[in-house]
Amino acid sequence: MARDDKGSGHGQQKLQVENDVYEWNSQFITGAQVRALGPGIPESMDLFLKIKGKAGQLVKDTDSIDLGQPGIEKFYAQEASSEAGND
């Protein structure tokens with residue numbers, strides 16, 4: 001069976017959230033969609049995209065991430081910074 005993972009985003013894209021790998025059938029995924037995968041990431045946690053050799057990039061729910069880049073996009077969560085109004 002031939003793999004169809006080349007080209008303009010057709011076929012399954014892979015991403016990693018914490019230690020779990022997921023397949024996504026679109027080239028783009030929003031932060032809210034990443035949060036909903038698997039057991040989910042609570043709103044009390046910040047979501048980051050790991051970028052090799054750089055600090056993680058904060059991903060908001062409305063941000064769109066291109067999964068069609070070489071390699072696998074890796075997301076992780078960490079406790080949100082305390083902000084005014086968060087009781």
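A nonpolar core is taken here as a set of buried Ala, Val, Leu, Ile, Met, Phe, Trp, Tyr and Cys residues joined through side-chain atoms within 4.5 Å, where buried denotes a relative accessible area under 20%, exposed one over 50%, and partly exposed a value in between (1.4 Å probe, protein chains only). The structure is a predicted model, in which local features need a pLDDT of at least 70 and side-chain atom pairs count only at pLDDT 80 or more, while totals for chains, interfaces and linings use all residues. Residues are numbered from 1 along each chain as its sequence is written, and side-chain values use heavy atoms, with hydrogens and water left out.

The largest nonpolar core holds 16 residues, of which L15, V17, I29, V34, L37, I65 and F75 touch the most other members. Strands β1, β2, β4 and β7 each contribute at least two residues to this core, and the largest share, 3 residues, is supplied by β4; helices (H or I, at least four residues) and strands (E, at least two) are DSSP runs numbered from the N terminus. In soluble globular proteins, nonpolar side chains tend to be buried together. With residues up to four places away in sequence set aside, V17 is in contact (heavy atoms within 4.5 Å) with Y22, V34, L37, I41 and F75.

Confidence was examined along the chain by means of pLDDT, the predictor's confidence in each residue on a scale from 0 to 100. The chain averages a pLDDT of 84, and 82% of the residues score at least 70. Over residues 1-9 the pLDDT is below 50, and this stretch has 5 contacts in the model beyond near neighbours in sequence. Residues 82-87 likewise stay under 50, with 1 contact beyond four places in sequence.

A search of the whole structure for salt bridges, defined as a side-chain nitrogen of Lys or Arg within 4 Å of a carboxyl oxygen of Asp or Glu, returns 3. Side chains of opposite charge can pair when their charged atoms come close. One of these salt bridges joins K14 to E23, with the closest N and O atoms 3.9 Å apart; K14 is partly exposed at 45% relative accessibility, and E23 is also partly exposed, at 47%.

R35, E43 and D61 are linked in a network of salt bridges. R35, which is found in helix α1, is buried, with a relative accessible area of 9%. The salt bridge between R35 and E43 has its closest N and O atoms 4.0 Å apart, and E43 counts as exposed at 58% relative accessibility. The side chains of R35 and D61 meet in a salt bridge of 2.9 Å, N to O. This pair links distant parts of the chain, 26 residues apart, with D61 in the loop between β5 (57-59) and β6 (64-66) and R35 in helix α1. D61 is partly exposed, with a relative accessible area of 29%. Beyond residues up to four places away in sequence, R35 touches G40, I41, P42, E43, M45, D46, L47 and D61.

Apart from residues up to four places away in sequence, E73 touches K14, L15, Q16, L49, I65, D66 and L67.

Two loop positions were also examined. E18 lies in the loop between β1 (13-17) and β2 (20-24) and has a positive phi of about 55° although it is not a glycine. Most residues other than glycine have a negative phi, and most peptide bonds are trans. At 38% relative accessibility, E18 counts as partly exposed. P42 occupies the loop between α1 (31-36) and β4 (45-50) and is partly exposed, with a relative accessible area of 45%. The C-alpha atoms of P42 and E79 lie 9.7 Å apart in space, the two residues being 37 residues apart in sequence.
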